[in-house]
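Hi,

Here is the structure I promised to pass on. Have a look at it first, and my notes on what turned up follow below.

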Amino acid sequence: MHIPAINVNSEIGKLKKVMLHRPGKELENLMPEYLDRLLFDDIPYLRIAQEEHDSFADILRQNDVEVVYLSDLVAESIVNQDVRDELIAELINDAGITTSRERDILTDYFRSLDTKAMIEKMMAGIRKTEIQQVEGKSLGDFLRNLNNDYPFILDPMPNLYFTRDPFASIGNGVSIHKMFTETRHRETLFAKFIFQYHPLYKDTQVWYDRNENFSLEGGDILILNQETIAVGISQRTHENAIEKFAQKILTEESHFKKILAINIPKQRTFMHLDTVFTMVDHDKFTIHPNIMRDMDVFVIERGGDRRIKITQETGSLEDILKHHLNLDKVTLIKCGSNNVIDSAREQWNDGSNTLAIAPGEVVVYSRNYVTNEILQENGIKTYVMPSSELSRGRGGPRCMSMPLIREDL
């Protein structure tokens, strides 16, 4: 019996295999002056962030989930020297480094490292002082072309521990994303190499490509059941990307029949759909209270002649979910309950961003204790992980995980 490398047909099927990224030196390359540029509000303490992340991985393993790491998958994708050189060249291109002198210096630097160290350095970023230590290199012309006050030759990728965004597992395929910000664009290069060269994943169907014109991010994609996908029209996912994605996945060989494009506010606190809405059981969802109102939802379905058709619906999220998921009842569990202060505080720390590891079983941040108690009161089993440092990146357990295999419901 053939077991597909990717199999994700719901948000809540028992999780069997997941990809994480353990935070690394990229967090120690965050500086107060450049936090906005790198999409951070604060600087997590790396050692504690790693301990918290290890606790997250341990919770998953204790529940029979196979945990694999992004850096390992990338290393396993470097199957020969040509692929290694291709990754180096494309990373330098994506970093916007164009002069031949600068490219040669960085190429030589990466080639001087073993594969694992090279990948870690690509992720962590490169300080000017590191290149200055390369023996035998004259850097006068190189450094003159850089902002003398800016300390990096290659920016770090501190958002990498949010593995949900650069690509998404959907059915037996993946979408590799065009990221909204230039800061995160290089992250998707690792996904490209995994799904192009990794022995296990290289034949995976690709539903969307990182070189498309419009942004699509994984935090906006929720697989509600084997026929229905929800996608947020958000600050970081463009409606044109959703239409292009739908044209592929609804008309190619896929069992999905419908996409619910949910229009959410275009602001930081509603960054992705999964920051305000996640599925925790067959008929239960966490939700930000501020979206418990009538919403515009665009229903994209298969039409005739390999086309798609789009209709608009306006109504409560509860009614829309009941209708499209064929449910008699839907329970919306409000982050922070009905208290405006608790709701705002816990939403800021991703109280709505839960990771289901089985129907009715979710991983949550310890600091969101009000929401966690409400989940438990609604019959949801919670696995509570420490979160003082990881939460500073403004992403929760769902943001930090990319399911690769879930059991079908």
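Before the notes, one cut-off: a residue counts as buried when its relative accessible area is under 20%. Bear in mind too that this is a predicted model.

Tyr 150 has a relative accessibility of 10%, so it goes down as buried. Phe 152 is buried as well, because its relative accessible area is 5%. Another pair, Tyr 161 with Phe 162, is tilted: the centres are 4.2 Å apart and the planes make 40 degrees. Both of these residues are buried. Going back to Tyr 150 and Phe 152, they belong to one aromatic cluster together with Tyr 34.

You'll find it in helix α8, which covers residues 187-197. Is it buried or exposed? Its relative accessibility is 6%, so Phe 195 is buried. What does Phe 195 touch once its neighbours within four places in sequence are left aside? The contacts are Ile 6, Phe 167, Val 174, Ile 176, Tyr 201, Lys 202 and Thr 204. As for Val 206, it is 11 residues from Phe 195 in sequence, and their C-alpha atoms are 8.3 Å apart in space.

Next, the sheet. Three strands make an open sheet in the order β16-β17-β18, and the pairing is mixed. From one strand to the next the twist averages 30 degrees. β17 and β18 run parallel and are joined by five bridges.

Helix α1 (residues 46-62) lies across β16, β17 and β18, and runs at about 150 degrees to β18. α12 packs on the sheet as well, where it touches β17 and β18, and its direction is at about 165 degrees to that of β17.

A bit more on α12, which spans residues 369-377. Which of its residues are buried? They are Val 370, Thr 371, Asn 372, Ile 374 and Leu 375. Those buried residues pack against β17 (361-365) and β18 (381-385), and also against β11 (277-281), β12 (284-287), β15 (331-334) and α11 (340-348). After the helix comes Gly 379, with a positive phi near 85 degrees.

Last, a helix pair. The axes of α2 (residues 70-77) and α5 (residues 115-124) come within 10 Å of each other and cross at roughly 125 degrees. That angle is why α2 counts as oblique to α5. The crossing of α2 past α5 is right-handed. On the α2 side, the contact is made by Leu 70, Ser 71, Asp 72, Val 74 and Ala 75. On the α5 side, Thr 115, Lys 116, Ile 119 and Met 123 take part.

Cheers

Notes. Residues numbered from 1 in each chain as written. Predicted model: local features only at pLDDT ≥ 70, side-chain atom pairs only at ≥ 80, totals over all residues. Heavy atoms only, no water. Buried < 20%, exposed > 50% of the residue type's maximum accessible area, 1.4 Å probe, protein only. Helix = DSSP H or I, 4+ residues; strand = E, 2+ residues; numbered from the N terminus. Contact = heavy atoms within 4.5 Å. Pairing = 2+ DSSP bridges. Axes fitted to C-alpha atoms, helices over the stretch in contact; angles between N-to-C directions. Phe/Tyr/Trp six-rings, centres within 6.5 Å; stacked < 30°, edge-to-face > 60°. Parallel < 35°, antiparallel > 145°, perpendicular 65-115°, else oblique. Left-handed = near helix turned anticlockwise from the far one by under 90°.
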